[in-house]
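Here's a quick briefing for anyone opening this structure for the first time. Have a look at the sequence and the 3D view, then read on.

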Amino acid sequence: MQKNQTRVLSGKNAKLFGHKKEKEICQWLNETLTDTFIVDAKPKTKQDIINLTNNTAYSIKSTKGTHTQCHLTSSERWCDYFKIDGKLKKWFYCFFGIPGIDISDGSDRQHRLNKSQIDTSLNNLALTWFNQNKISIFDVIVAEGMYNTPVQTLIWHQKKTDKKYIISIEDLRSMVYNGSWVLNSTTLHFYTEDGKKMFHLQMKGSGEKYTSSYHSLMFHIYKCF
């Protein structure tokens with residue numbers, strides 16, 4: 001119980017820090033550029049800051065290291081959104097697990113199956129799907145989300161140094177075209193054409209096992225520019 005309370009408190013503190021940082025970066029934009037910027041506090045959106053002058057949106061990624069979370073959703077929501085069913089949907093439930101069910105029958109502490117425990121044909125089917133849909137995946141996890149809230153610019157903020165890097169979403173998207181997803185034992189990694197890691201996808205494995213969020217798809221984005 002104490003561990004769960006600590007985790008909840010840490011999550012709340014992280015959100016408070018995030019909102020504070022959004023305001024600080026918004027102020028920095030207003031002081032640095034001639035346009036007018038405001039913080040967008042609406043839920044379920046990729047848009048953190050709005051440029052009122054040209055009606056464009058910014059997404060902020062603030063991190064201590066080289067990567068940070070950029071998208072989190074359940075397998076069910078993911079499969080519904082992309083209209084995934086049949087064998088491919090089975091793969092998602094095997095690889096990421098099913099909330100409330102230990103599909104590994106006690107063989108895996110995270111209640112899911114790894115690559116070696118899944119039929120090779122299913123793994124190949126999944127990897128083909130990821131690579132055939134890499135642009136659509138990018139649009140969901142970075143560019144616009146699942147609720148059509150498009151952003152045109154990403155601000156990468158290094159917490160330790162307070163450095164800020166600005167890159168257009170189109171420049172990031174161009175890095176996706178010739179890159180590829182690779183399936184590892186328990187994760188997927190996306191590499192650009194020149195071998196830089198741009199994303200990784202893992203099962204959310206923190207918190208209580210028998211909750212809806214525990215088996216969610218958790219995407220991280222790397223500073224590859």
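Helices (H or I, at least four residues) and strands (E, at least two) are DSSP runs, numbered from the N terminus. You're looking at a predicted model, in which local features need pLDDT of at least 70 and side-chain atom pairs count only at pLDDT 80 or more, while totals for chains, interfaces and linings use all residues. Residues are numbered from 1 along each chain as its sequence is written, and side-chain values use heavy atoms, with hydrogens and water left out.

**Helix α3 and what follows**

- Let's start with α3, where Leu88, Trp91, Phe92, Tyr93, Cys94, Phe95 and Phe96 are buried; buried means under 20% relative accessible area, exposed over 50%, and partly exposed in between (1.4 Å probe, protein chains only).
- The cover over those buried α3 residues includes α2, α4, β7, β8, β9 and β10 (217–222), and contact here means heavy atoms within 4.5 Å.
- Just after α3 comes glycine 97, with a positive phi of about 85°.

**Helix α4**

- Helix α4 runs over residues 120–132, 13 residues in total, and spans 18 Å from first C-alpha to last, close to the expected 18 Å (the expected span is 1.5 Å times one less than the number of residues).
- Its buried residues are Leu122, Asn123, Ala126, Trp129 and Phe130.
- These five cover an arc of only 125° around the axis, so they sit on the same side of α4; the arc is that of the directions from the helix axis to the C-beta atoms.
- On the face turned away from the buried side, α4 carries the exposed residues Thr120 and Gln132.
- The buried residues of α4 pack against α2 (75–81), α3 (86–96), α5 (134–143), β7 (180–183), β8 (187–191) and β9 (197–203).

**Where α5 meets α6**

- α5 and helix α6 (residues 169–177) pack at about 145°, with axes 10 Å apart; axes are lines fitted to C-alpha atoms, for helices over the stretch in contact, and angles run from 0 to 180 degrees between N-to-C directions.
- From α5, Lys134, Ile135, Phe138, Asp139, Val142 and Ala143 meet Ile169, Leu172, Arg173, Val176 and Tyr177 of α6.
- That contact divides into 8 nonpolar residues, no polar ones and 3 charged (Ala, Val, Leu, Ile, Met, Phe, Trp, Tyr, Cys and Pro count as nonpolar, Asp, Glu, Lys and Arg as charged, and the others, Gly among them, as polar).

**Positive phi in the loops**

- Most residues other than glycine have a negative phi.
- Histidine 111, in the loop between α3 and α4, has a positive phi near 60°, and it's buried at 10% relative accessible area.
- Aspartate 162, in the loop between β5 (153–158) and β6 (164–168), has a positive phi near 65°, and it's partly exposed at 39%.

**Two serines to find**

- Serine 74 is in the loop between β4 (67–73) and α2, and it's partly exposed at 25% relative accessibility.
- Leaving aside neighbours within four places in sequence, serine 74 touches Ser216 and Leu217.
- Serine 74 and isoleucine 141 are 67 residues apart along the chain, with their C-alpha atoms separated by 13 Å.
- Serine 174 lies in helix α6 and counts as partly exposed, at 43% relative accessibility.
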